[in-house]
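I opened the notebook to go through one model, site by site. These are my entries, in the order I looked things up.

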Amino acid sequence: MQCGQRQNTKMGPYIITYFPVRGRCSAMKILLSDKDQVWKENLVEIADWMKGDLKKSCVFGQLPKFEDGDLVLFQSNAILRHLGRNHDAYGKNNREASLIDMMADGVEDLRTKYLKMIYQDYDNGKDPYIKDLPNHLDKFEAVLVKNKTGFLVGNQPSFADYCLFDLMLNQLVLCPTCLDTFPSLKSFVEKMKSRPKVKAFLESDGYKKLPINGNGKQ
Ligand code: GTB
């Protein structure tokens, strides 16, 4: 499947290999869309994955796999950093880059907690997770209030903003009211959602057709 548009023809075609879910590839696809990039998508059905050959070829035995010409990357956050570096979404200097890393790691901590609940403890863990969610969201709210630009760091979206945005979309599916007491976070989501290329991607079949997670829980 060919998705999005690509203007920089100097770089090799991007190829994303992943399961047919949004999961750990949504943030990178939102970033790529916003940056007018195209990518090819290899969707791997779990039955094919179970045969084992692809798994054996993956550095950590897991997907996503991301190809940028002859550069092959694994680990979704390394992929996001790679895209941040190459598409002007990693701050305007080292100081901003370090703050962006910090925020992206904070998003990863919440994503890990979310995924643990989704895949390992949905029935018993969903309500306690939602109850505790404000104790995580308030940290992002505070950073947005302090930065005043509508983004986590600096005055344009970084890869950490795409990560946060994607995770917030999932939190809103889990608990539609979760941002009601966090006005800056709520307006961050609205602002990211209304970026024309992001909006177009979120409305595309390539996005809408995929479930959020691999076990049908959301
Ligand atoms: N730290 C890594 C990263 O960020 O890239 C984590 C990657 C990871 O957890 N990959 C999972 C994987 O490859 C897929 S994401 N699992 C297969 C394996 O370990 O053998 C979660 C996920 C789970 C199940 C489905 N599914 O059934 O379709 C899809 C996605």
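**Entry 1**

In which loop does histidine 87 lie? I found histidine 87 in the loop between α4 (76-86) and α5 (94-120). I note here that the model is predicted.

I then checked its side chain for partners. The side chains of histidine 87 and tyrosine 14 are joined by a polar contact of 2.7 Å.

I moved on to aspartate 88, which is in the loop between α4 and α5. Its phi is positive, about 55°, although aspartate 88 is not a glycine. Relative accessibility is 47% for aspartate 88, so I logged this residue as partly exposed.

**Entry 2: the ligand site**

I turned to the ligand. What is the largest pocket? The space taken by the ligand is the largest pocket. I listed 15 residues around the ligand. Trp49, Lys55, Leu63, Gln75 and Ser76 come nearest. By class, the shell around the ligand has 8 nonpolar, 5 polar and 2 charged residues.

I then went through the polar side-chain atoms facing ligand atoms. For serine 76, a polar side-chain atom lies 2.6 Å from an oxygen atom of the ligand. For glutamine 75, I read 2.7 Å between a polar side-chain atom and a nitrogen atom of the ligand. For glutamine 62, a polar side-chain atom lies 3.0 Å from an oxygen atom of the ligand. I also looked up the cover. On its own the ligand has 680 Å² of accessible area, and the protein covers 75% of that.

**Entry 3: backbone at the site**

I went back to two of the nearest residues, Leu63 and Gln75. The peptide bond from leucine 63 to proline 64 is cis. I noted its omega as near 15°. Proline 64 itself is in the loop between α3 (53-57) and β4 (65-68).

Where is glutamine 75 found? I placed glutamine 75 in the loop between β5 (71-74) and α4. Its phi is near 80°, a positive value in a residue other than glycine. I logged glutamine 75 as partly exposed, because its relative accessibility is 42% and that class runs between 20% and 50%.

**Entry 4: two C-alpha distances**

I took serine 33 next. Serine 33 is in helix α1, residues 26-34. Is serine 33 buried or exposed? With a relative accessible area of 7%, serine 33 is buried. I then looked along the chain. Serine 33 and arginine 195 are 162 residues apart in sequence, and their C-alpha atoms are separated by 10 Å.

I found threonine 181 in the loop between α8 (159-174) and α9 (183-193). Its relative accessible area is 62%, so threonine 181 is exposed, given that exposed means over 50%. How many residues apart are threonine 181 and serine 204 along the chain? I counted 23 residues apart, with 30 Å between the C-alpha atoms of threonine 181 and serine 204.

Terms used:
Residues numbered from 1 in each chain as written. Predicted model: local features only at pLDDT ≥ 70, side-chain atom pairs only at ≥ 80, totals over all residues. Heavy atoms only, no water. Near = heavy atom within 4 Å. Polar contact = N/O pair within 3.5 Å; in protein donor to acceptor, adjacent residues only side chain to side chain. Areas by Shrake-Rupley, 256 points an atom, 1.4 Å probe, with all protein chains shown as cover. 1 Å grid on protein atoms, 1.4 Å probe; cavity = no way out; pocket = protein on both sides within 12 Å on 5 of 7 lines; lining within 4 Å. Sits in = over half its atoms within 2 Å of the grid points. Nonpolar A, V, L, I, M, F, W, Y, C, P; charged D, E, K, R; others polar. Helix = DSSP H or I, 4+ residues; strand = E, 2+ residues; numbered from the N terminus. Buried < 20%, exposed > 50% of the residue type's maximum accessible area, 1.4 Å probe, protein only.
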